[in-house]
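Here is a short report on one helix and its surroundings. Keep the structure in view as you read.

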Amino acid sequence: MAGNPVMGTGDVWLPLLVAAAVTYAARGLGVALGGRLDPNGAVFRWVGCVAYALLAGLVARMIVFPVGPLAAAGLGVRLAATAMALGVFWITGRSVLWGAVAGVAGLILLLWLAPSIV
């Protein structure tokens, strides 16, 4: 494999340029269309719904099919922490940040207080 040791063989440049072009084209399209979209319109509401649906799907997967250290916690602990997170989410005016903080804190607290539940 001959070539310049710094620049390589040139095989990497075409995919790199294509990836950069696609990335900057998407960003340019967002800038071009960003001023024309109504923030209270149907498109923005749909994007918001999709974002919440993605988050709900990821959270549900972590509760039902956990991987890594979360798998060491029992289903009851995970469901109780989820209930705490949902309660705080609704009490704080649907704040995802405070709901997530409450869920993590609840999970840690439950595992610390009752490790035998695991």
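## Just past the helix

Gly 93 has a positive phi of about 75°. This glycine comes just after helix H3. The model is a predicted one.

## The length of H3

H3 runs over residues 75–91, which makes 17 residues. At 1.5 Å a residue, the helix should span 24 Å. Its end C-alpha atoms lie 24 Å apart, so expectation and model agree.

Which residues of H3 are buried? They are Val 77, Arg 78, Ala 81, Ala 85 and Phe 89. These residues cover an arc of only 110° around the axis, so they sit on the same side of H3. An α-helix has 3.6 residues a turn, so residues three or four places apart point the same way.

Now turn to the other side of H3. There, Trp 90 and Ile 91 are exposed. The cover over the buried residues includes helix H2 (42–64) and helix H4 (96–113).

## How H2 meets H3

Two packed helices are described by the angle between their axes and the distance between the axes. For H2 and H3, the axes come within 9 Å and cross at roughly 150°. Angles over 145 degrees count as roughly antiparallel, and therefore H2 is roughly antiparallel to H3.

Which residues make this contact? From H2 come Met 62, Ile 63 and Val 64. They meet Leu 75, Arg 78, Leu 79 and Thr 82 of H3. By class, the contact has 5 nonpolar, 1 polar and 1 charged residues.

How values were computed:
Residues numbered from 1 in each chain as written. Predicted model: local features only at pLDDT ≥ 70, side-chain atom pairs only at ≥ 80, totals over all residues. Heavy atoms only, no water. Helix = DSSP H or I, 4+ residues; strand = E, 2+ residues; numbered from the N terminus. Expected span 1.5 Å × (residues − 1). Buried < 20%, exposed > 50% of the residue type's maximum accessible area, 1.4 Å probe, protein only. Arc of directions from axis to C-beta. Contact = heavy atoms within 4.5 Å. Axes fitted to C-alpha atoms, helices over the stretch in contact; angles between N-to-C directions. Parallel < 35°, antiparallel > 145°, perpendicular 65-115°, else oblique. Nonpolar A, V, L, I, M, F, W, Y, C, P; charged D, E, K, R; others polar.
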